[in-house]
Amino acid sequence: MNLKEVCGPTSSSDSLEKVLLSSRVSTTVTRDISANKKIQNDVKVTMSQGNQLESDGHGNETTVAEVAEVAEVASSGGSGKDTSIVTPFLVKHIADQNLIPKDNFHKYCYRHNPDVQCNKSTDELKMTQIQQNLEKLSRNDQEAISHCWSIFGAAPSQHRTLILQGLLSQCCFPQLSLISQEVSKLIKIDFISNLPYELSIKILCYLDCSSLCNAAQVNQRWKSLADDDRVWHYMCEQHIDRKCPNCGWGLPLMHMKRAKEYNAAAMSQCNSKKRKLEDGDTAEDASSSKSDNQQNQPQQIVRKKRPWKAVYSERFKVERNWRKGIYTVKCFNGHEDGITCLQFNNDVLITGSYDTTVKIWNIKTGELLRTLSGHSKGVRTLAFDDQKLITGGLDSTIKVWNYHTGQCISTYRGHEDSVVSVDFYNTTIASGSADKTVKVWHVDSRTCYTLRGHTDWVNSVKIHHKSNTIFSASDDTTVRMWDLKSNECLRIFGGVENNGHIGQVQCVIPLTIKTEVVEDTTDESESEEIREHGVNNNNNMNNNNSNMAANNINTDREQTRQQRRDRNRISIAQNTQGAQPVVLRGLNEANSLGEAPANPENHHEAQPSLPPNPNYPTHILTSSLDNTIKLWDVKTGKCIRTQFGHIQGVWSIAADTFRIVSGAHDRLVKVWDLQNGKCIHTFGGNTDSVCCVAIGDSKFAYGSENGEVKMYCFDDDD
């Protein structure tokens, strides 16, 4: 074999290129010849293994008659020597039909199995193209090519491998490129459609939302698997009311909407029963229907179940709108003075104002449903559930309302000054007042306990019912944790050594955070400097008889706070002369129970360990007039993160599983990520300071000093 036989006639070029090309080709040919010799040796060893029948699993069903036909074609086109070689080869390697398994999954390979849908349509098109190209050749060439295909088709797996190795060793780069393109298409396996149903579902559970939606667009089989309720139920478990550790997304619980749907289903079912009774022709029909109802007792409300994919999709849209800032704004105007407090559920928004009224609004229509009047001074705080509304006013009273009818059920008197904050759980009411105390009202036992320890106004109280504790925030820059059973102070959050607030604390929220949160990092040297600075400040304050917050908050912020609280101080000044003794109606006050030491320096001492209770909240969130929002570790009593962004005092905060909403005197409302503490959105355009905020799954609301209430809605329902 020379160079001309291998590569054909060469083009004209200079002698040096011919020499180089000749040396390269000769080296390649030598390597191919050695490879062919090795293949021939392997063929000889294989052929000498005997007449044992093999089944390669590729689904060859060639019969003896077909072999004879192929042999006849081969003999007609070649010599007798060729026939003597080809015919025994084909007869020898035709598997006995009795040895072929009846099950298609064992009888055929994946690609040739008739029960597998893989890419049969693609193979059919390809074979049609091959047939068309084959018909363009002469008859002898067609017979030769068919002869090669027959030999390869009859060969067992080991022989096929040798044939392919020999062919590949003779292929040039154009042929190898063609083989690479064809093989890349053929080796793709639709494993999802051919694996057992349970395994396919398990695999799809590892995909994210976007990948599942793309998988549903592959074909009908993939769509049925990707839309399976079990897959999306797993997706909901991973994301709803928690952050997924893999993708970082969390979806709102939207429990308010779920409760509304449940009530709507109950009402519709009751109405349908009434309609059936009203449409009865005779009294006998009514009696028979009653008997049927009695037989079916106990009856349960039948709720229409939605696919889990629809549940996930609804919450995913809300979360996407939160992140991208897609919202609609609703305004509620009607108060004649500044807004002091507000709360809402899925149906109504309730607001309190300095104008001594409480207004109830329809969220969907914006209509004013009812106005509650009863306090003689401004309404400072409120809390409500499905049955009752509790308000606290600057007139030192707490009122319980049936807000559905507008009736005042009861009034509680006991505080000596304005009631600044209220919270309740079941039959227990907690209230914080400007008289520096926290009162716990047990309605069922008609008793009241006073918790003393704060040295200034108590601006916020929150009941954590799981651990049976109360958290209170005060103008003395500290937050206290109380035990409802013993009425003792369990822990004080504050102090420079704990990186506490240096301004009046306006709000506190207990949280149970299941995921890891980002914490501030400080060097040991910085911590030592802070600790020394705190000790020096404490000594200076003791010597000068001045308040720590007053020394650290600038004059502008002090004036800001004074402007808002001048309204509250008016009631104190008016009642200094001729004040009536406090009368407790309906409840017996237990004085001195739960009384804590009044020494403001106690919170600088070492924090005692908390009594064992696995239900304590993991963290608390606080806001202050020092312009900051702080996250505290309940177990250690230390501040682990401080969020900066407001340029004036933060009056109010609200939080859910994923976000924090804050309103401040700088007329801004900010939305923060609870996990990392970063500011997501800032909403401005207000003409006065923001006094109160509230948050829900798909919306938040805030009230301003100018009497305006705005609600930002991030769902598509409104």
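The buried residues of helix 14 are covered by elements that include helix 11 (197-204), helix 12 (209-215), helix 13 (220-226) and helix 17 (308-324). Cover here rests on contact, meaning heavy atoms within 4.5 Å. The model is predicted: local features need pLDDT of at least 70, side-chain atom pairs count only at pLDDT 80 or more, and totals for chains, interfaces and linings use all residues. Residues are numbered from 1 along each chain as its sequence is written, and side-chain values use heavy atoms, with hydrogens and water left out.

Helix 14 spans residues 229-239. Helices (H or I, at least four residues) and strands (E, at least two) are DSSP runs, numbered from the N terminus. Val231, Trp232, Met235, Cys236, Gln238 and His239 are buried in helix 14. Buried means under 20% relative accessible area, with a 1.4 Å probe and protein chains only. These residues line one face of the helix, because they fall within an arc of 165° seen down its axis. The arc is taken over directions from the helix axis to the C-beta atoms.

Asp228 caps the N-terminal end of helix 14. Its side-chain oxygen lies 2.8 Å from the backbone nitrogen of Arg230. Just after the helix, Asp241 takes a positive phi of about 65°.

His335 sits in the loop between strand 1 (328-333) and strand 2 (339-344). His335 is buried, at a relative accessible area of 10%. Its side chain makes a polar contact of 2.7 Å with that of Thr351. Another, of 3.1 Å, joins the side chains of His335 and Asp355. A polar contact is a pair of N or O atoms within 3.5 Å; within protein, one must be able to donate a hydrogen and the other to accept it, and residues adjacent in sequence count only if both atoms are side-chain atoms.

How values were computed
Buried means under 20% relative accessible area, exposed over 50%, partly exposed in between (1.4 Å probe, protein chains only).
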